Amino acid sequence: MCRYIASNKLSVPKAEIEDILEELKERLEEKYGLKSLIMVVGSVKRNLVTVDENGHFDLDYNLCFIKVPQEVRDNLQGLKDRVRSNLDEITDEDYYYARNSTSVITLERADGSFSLDLGILVKNKNGEYCRLVRNRNNYQLREVALLYNTEMQERYIRQHSAMKRVSELYLMHKNKHPETDSFHLYLEVVNTVFNETGGQKMSKVSGNTHTKNQMDAYANQKNPNNSSSKAMANNRSNQMNPNNAAYWKSLGKSGR
């Protein structure tokens, strides 16, 4: 059974991994001229890291390349191999050799306490971040799928003091569906709690509880042909999209 790991027990592993990633970033720029940013993602970002019955937990990060020469784009396997080999050069006997999987590079600590899952994002020709993945022996860039506006829902949930419910439900689902990846479990939980706390109540508006202006504004936001709806959709997309400057500005960084 999974359980949450105390935040004070995460500070040292996180600092250790982030030191490794900072050195990796510097090496890749010095050796190959590849500039990148480090992005904390998943359960680490949301303080929902779980530990299994063996005491093991994962730390999820992305390495986001800002500018990649064409000759590197033409050899995506070589890029991933460079990242992996430089990780091995940085780490000592405290870590096993980094392993290459479909969408991440996994770096396991030798004592079995935790591992790093490092995703690689590369900007495509349109300047949009894509994930570097391996499909059998074919390496390719896939657009980052941002299907849910979780940040808007999370803000609403926090305003209604329901993040504890998210934490409880996420852990329950994690133990009930261990075969499902954490990212999609979390999206499902956030959507459930958002609805539980009344996030969809405006769909039941009436003239008895809302003014005509409020109902008109709500109708406009729901109408895909209305400028209000388009503006709201664009705003939400920008806030969730790592290809947009607004996303990186919220992190205090520049992705362009």
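Analyst: A crossing is called left-handed if the near helix is turned anticlockwise from the far one by less than a right angle, and right-handed if it is turned clockwise. Keep in mind that this is a predicted model.

Start with the chain. It has ten helices and nine strands. Of its 256 residues, 38% are buried. Among contacts between residues at least 6 apart in sequence, 58% join residues at least 24 apart.

Now to helix H7, residues 182–196. One partner is helix H5, residues 150–159. The two pack at an angle of about 45°, and their axes are 9 Å apart. H5 is therefore oblique to H7. Their crossing is left-handed. On the H5 side, the contact uses Thr150, Met152, Gln153, Glu154, Tyr156 and Ile157. On the H7 side, it uses Tyr186, Leu187, Val190, Asn191, Val193 and Phe194. By class, that contact has eight nonpolar, three polar and one charged residues.

Helix H6, residues 163–176, also packs with H7. Here the angle is about 140°, with the axes 9 Å apart. H6 and H7 are therefore oblique to each other. This crossing is right-handed. H6 brings Met163, Arg165, Val166, Leu169, Tyr170, His173 and Lys174. H7 answers with Ser182, Leu185, Tyr186, Glu188, Val189, Thr192, Val193 and Glu196. The contact of H6 with H7 divides into eight nonpolar, three polar and four charged residues. Tyr186 and Val193 of H7 take part in the contacts with both H5 and H6.

Cys2 and Asp52 are 50 residues apart in sequence, yet their C-alpha atoms are 4.5 Å apart.

Next, the largest nonpolar core. It has 35 residues, and those with the most contacts inside it are Leu24, Tyr61, Phe65, Val83 and Leu118. Elements giving two or more residues to this core are helix H1 (7–32), strand S4 (57–67), helix H4 (76–90), strand S6 (104–108) and strand S7 (114–123). H1 gives the largest share, six residues.

Beyond four places in sequence, Phe65 touches residues including Leu28, Leu34, Leu79, Val83, Ile120, Val122 and Tyr129.

H1 and H4 make a helix pair too. They pack at an angle of about 120°, with their axes 10 Å apart. That makes H1 oblique to H4. H1 passes H4 in a right-handed crossing. H1 supplies Ile20, Glu23, Leu24, Arg27, Leu28, Lys31 and Tyr32. H4 supplies Arg82, Val83, Asn86, Leu87, Glu89 and Ile90.

Note on methods. Residues numbered from 1 in each chain as written. Predicted model: local features only at pLDDT ≥ 70, side-chain atom pairs only at ≥ 80, totals over all residues. Heavy atoms only, no water. Core = buried A, V, L, I, M, F, W, Y, C linked by side-chain atoms within 4.5 Å. Buried < 20%, exposed > 50% of the residue type's maximum accessible area, 1.4 Å probe, protein only. Helix = DSSP H or I, 4+ residues; strand = E, 2+ residues; numbered from the N terminus. Contact = heavy atoms within 4.5 Å. Axes fitted to C-alpha atoms, helices over the stretch in contact; angles between N-to-C directions. Parallel < 35°, antiparallel > 145°, perpendicular 65-115°, else oblique. Nonpolar A, V, L, I, M, F, W, Y, C, P; charged D, E, K, R; others polar.
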